[in-house]
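Dear colleague,

My notes on it come directly after.

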Amino acid sequence: MPNFNDILILLPELYLVVAACLLLLLDAFMKPEQRPLLHWLSVLVLLVAIYLVVAGQPSQSVTAFNGMFVRDGVAEIIKVFALLCTALVFVYAKSYLIDRKLFVGEFYTLSIFAVIGIMLLVSAGNLLTVYLGLELLTLSSYALVALNRDSQLSSEAAIKYFVLGALASGMLLYGMSMVYGATGTLDLARLHMAATQTGMPHLLVFGLIFMIVGIGFKLGAAPFHMWIPDVYQGSPTAVTIFIGSAPKLAAFGMAYRLLASGLGDLSQHWQLMLAVLAVLSLAIGNIVAIVQSNLKRLLAYSTISHMGYLLLGLVNAGPEGYAASLFYAISYALMGTAAFGVILALARAGFECEEIDDLKGLNQRSPWAAFLMMLVMFSLAGVPPLFGFFAKLLVLQAAIHAGFMWLAIVGAVFAIIGLYYYLRVVKVMYFDKPVEGTEIRLQGDVSMRVALSLNVLALLALGLDWGPLFGWCQQVFVG
């Protein structure tokens, strides 16, 4: 029976559930011209949620509902940045949604429900909670991808995402059932203790393999990456920016809960599996991105390669590696939000700004927009002194310290290969002539321009002073 303490521990999540339901009701009785009020209320709801997470952060790990929900430092830092990225998505998406007649309350409520799924997932203390949070996130994401019902491309992307997502969820659930059969428990803390004492080690490893398939799909790591390019390209850009940011933090949280908290003593088995996924992701992501002409597909394959770098930290299987991976997940979430934010800022009714050639001569038309995109591309490429460089450096260092020197060398080689397609975007903006008869400049209201500029400049600021954030990431694992 839940008590008052359980309610307090889940206060941010419960607050968001109530707020999302109230926003749904408000939207039902709101006139179309009043919808900007719903937009700002949704942003305010997320900012208040950030305050509740930070203000209620416990000094040590606490649990609720008999250990099914865990509130600790790892969960708190992921929640803060997931909520922040979603708030930025709302600010960036407003003008885009209005221009395409997609400015509906469902976008905001589905996104908030997806964030609730993220918060449950990263605070899971039980395999059931992991699955519950994951399904709440993915079901909301399926609906968001299909938001533009008049677009055949969006409908196709949603079907592909749904079918492949259902397959991956089934595999994850099958793996969980094998693990439960081998250990007799769903609780992650008890699972950690029972993993080395089970009389059926082969069944446990068999279940672990299927769980890693589920983790690989959620991360978008190769060879479970098939959905990412089509979903990124087919979704409205306002949805792509969400799918490409906050859920990546959730994927790291899920991997940490299942592998480190639940099956940490089996690291000798899953380290090599993750290393193979990392190499495949780095190779496929970087090589296929080279030939892309569509900017959203380029960023999709870029995402696959970045998930390979995130896996380098997890391969370490220790606090240093987990901290480096969390730092990388945060950096990628902020970089992904900024990259798609610039695309949203340049798009207008009848012009999606999805092709690389659409950016030709951008520096002559809109120097500030070109500068922002250049900073984002350089950060994604890992050029010092930007945020992305130090994120890459830390995961490579974690892999080396775990004895995976060969893996770090592979990562470094593909980082150099990846420079090509990021620099190609910069070259098009600064050295190609603009296409005659087209006008491209920053769109959107003042709030969007200010937020986007701060988001991109934060990549430079965090690159110049990344120590405090990485210290926070280290503290939550060492503590």
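Predicted model: local features only at pLDDT ≥ 70, side-chain atom pairs only at ≥ 80, totals over all residues.

Among the lining residues are Leu134, Gly165, Phe217, Lys218 and Met254. By class, the lining comprises four nonpolar, four polar and one charged residues.

Helix α14 (residues 295–315) has 21 residues and should span 30 Å at 1.5 Å a residue; its end C-alpha atoms are 31 Å apart, which agrees. Since 21 of the 21 residues of α14 are buried, the helix is largely enclosed by the rest of the structure. At the start of α14, a side-chain oxygen of asparagine 294 comes to within 2.9 Å of the backbone nitrogen of lysine 296. Just after the helix, alanine 317 adopts a positive phi of about 60°.

Across the whole structure there are 27 aromatic pairs. In one of them, phenylalanine 107 and tyrosine 108 have ring centres 5.2 Å apart and planes at 85°, so the pair is edge-to-face. Phenylalanine 107 is buried at a relative accessible area of 0%, and tyrosine 108 is buried at 0% as well. Phenylalanine 327 and phenylalanine 387 also form an edge-to-face pair. This pair links distant parts of the chain, with phenylalanine 327 in helix α15 (residues 319–346) and phenylalanine 387 in helix α18 (residues 387–401), 60 residues apart. Both belong to an aromatic cluster that includes Trp466 and Phe470.

With kind regards

Conventions:
Residues numbered from 1 in each chain as written. Heavy atoms only, no water. 1 Å grid on protein atoms, 1.4 Å probe; cavity = no way out; pocket = protein on both sides within 12 Å on 5 of 7 lines; lining within 4 Å. Nonpolar A, V, L, I, M, F, W, Y, C, P; charged D, E, K, R; others polar. Helix = DSSP H or I, 4+ residues; strand = E, 2+ residues; numbered from the N terminus. Expected span 1.5 Å × (residues − 1). Buried < 20%, exposed > 50% of the residue type's maximum accessible area, 1.4 Å probe, protein only. Polar contact = N/O pair within 3.5 Å; in protein donor to acceptor, adjacent residues only side chain to side chain. Phe/Tyr/Trp six-rings, centres within 6.5 Å; stacked < 30°, edge-to-face > 60°.
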